[in-house]
Amino acid sequence: MPYLLTSILLSPLLGILILSFIPKEKGGLLQRIGILSALLPLLLTILLFAGFDIHSAENQFTENAEWFTLTYPVADAGGQLSWQSLPIQYTLAVDGISMPLLLMTAIVGFLAAAASYQVRRRVKEYFLLFLALEIGMFGVFMAQNLLLFFIFFEVTLVTTFLLVGIWGFTNREKAANSFLLYNGLGSLIMLVAFLLLFNQLYTFDMPTIRDHLAGTTMNEGLRAGLFFAILVAFGIKLPIFPFHSWMLKVHVEAPVPIVMIHSGVLLKMGAYGLLRFGIGFFPDLAPRFAWVLALLGLVNILYGAIIAFVQRDLKRMMAFSSISHMGVVLFGLAALNAEGIQGSIFQMISHGFISALLFFMIGVIYERTGTSNIDELGGLARSMPFAGGVFLTAAMASLGLPLLSGFISEFQAFLGLFLSDLKAYAAVGTLGLILTAAYMLRTVLRTTFGPIPERWKGLNDVETKELIPIAALLALILLIGIYPAALSDPLQATITDFLGRIGG
């Protein structure tokens, strides 16, 4: 199918167009069309994955067209300015790293849309922004041009800000403002880094920049500055401690479907940027500063796990848990070997599904009880046995129980670091795994088991409309856990090529 990537990218526009003509009073119809509109890009992405050559390390399904002509000044040796013209390309492609992330985005996007039955006000505006957010997320993982990447990245920022600020909980405006402040700062740093790269190489084309930087004579200090600028820009998005406070507010205040997307997909854009631009553009600097990534990962793992252990609120506990799990991603990147890089990408995908399921289940509990306070809950498995079982399974996946996706992800990331020169960081980091098991079990046991308060007796268990996200996410968590080759095979060729440029 020609122009498949562009079709996926723009397919949510069809839903936006249809929704635009439906009166805002028809909430049920708007919800059904909004959900179906997120199904189309998922089907197209599955078609894309079916045609993806897992044995090739090259970009695939490449689509290229001239976008516009950029005119910019260039100074000669005498300081005289002359104007140059450069055609800017609209270039999309996927490789073994972006393909699984794109598929995960389409899956989590559709399941979050299915979970949007909880949205009951301003439904039309909600789905218009939701579908625009999907376009931004798809574009981030397809773009092969820095300018195009930045634009799609900003689309996700603006739409998420509005979705949190309008449809969130009580302190939604503070959460949205904090999100915009931190992520806007990260975007500014990213833009400065991209413009500095353009000023040196006069191109926004990502493969061209990567090849030029491999044999460049660019000033060493400038290269190190660009590496750390990218580390900070995408570290805020991941988030890396101490740039994490905005994420806590978003996870607590955002509506459940948006938290599913935020935790499942948007955080991974930070890790993707670190891998694609930080390590990918500066493969010679990455080994020199790998200890920085390992140290940041260790701080994330321990800080997130310790603070999660003392939380009294399910959402805040999950937010700190995500910080801890993003530390595992950093561990995998710091390893700079096949096991570590693969474990890092596994963790991105696995955490995307697990966190989406956990936040959805917290939403189910909150909808019935009106609280996410752990001290107020208890015994829910007696009135909601199916929901309790799913919550327990998701928690087991998060703490890394074998045969579930969390195990293979963390195992590979830690193994990669143990096989590197940074094994001391990995040894200390294992304390985080113990803490994760402790706070996850403590939370699940206190929430779903034990005596049930009188007011929670007779709660409805999971309803039919809630089964789609639950069944799909559980199936994916089990699939990766039992048959990891389903995810590792598409990664192999690209990771091998990636490590070849690092020298690994």
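Start with the largest nonpolar core, which has 188 residues; Phe 149 and Phe 353 have the most contacts inside it. Such a core joins buried Ala, Val, Leu, Ile, Met, Phe, Trp, Tyr and Cys residues through side-chain atoms within 4.5 Å; buried means under 20% relative accessible area (1.4 Å probe, protein chains only).

The model is predicted: local features need pLDDT of at least 70, side-chain atom pairs count only at pLDDT 80 or more, and totals for chains, interfaces and linings use all residues. Residues are numbered from 1 along each chain as its sequence is written, and side-chain values use heavy atoms, without hydrogens and water.

Select Phe 353. Its contacts (heavy atoms within 4.5 Å) include Met 104, Ile 107, Leu 473 and Ile 480.

Now show helix 13, residues 338–369. Helices are DSSP runs of H or I, at least four residues, numbered from the N terminus. Just after helix 13, Gly 370 has a positive phi of about 75 degrees.

Next, the rings. Phe, Tyr and Trp (six-membered ring) pair if their centres lie within 6.5 Å; planes under 30 degrees apart are stacked, over 60 edge-to-face, the rest tilted. The count is 28 aromatic pairs. Pick Phe 153 and Phe 234: edge-to-face, 6.0 Å centre to centre, 85 degrees between the planes. Phe 153 sits in helix 5 and Phe 234 in helix 8, 81 residues apart. Phe 153 is buried at 2% relative accessible area, and Phe 234 is buried at 0%.

Finish by selecting the ring cluster: Phe 149, Phe 153, Phe 194, Phe 234, Phe 277 and Phe 281.

Notes: Buried < 20%, exposed > 50% of the residue type's maximum accessible area, 1.4 Å probe, protein only. Helix = DSSP H or I, 4+ residues; strand = E, 2+ residues; numbered from the N terminus. Expected span 1.5 Å × (residues − 1). Lists of a residue's contacts leave out its neighbours within four places in sequence.
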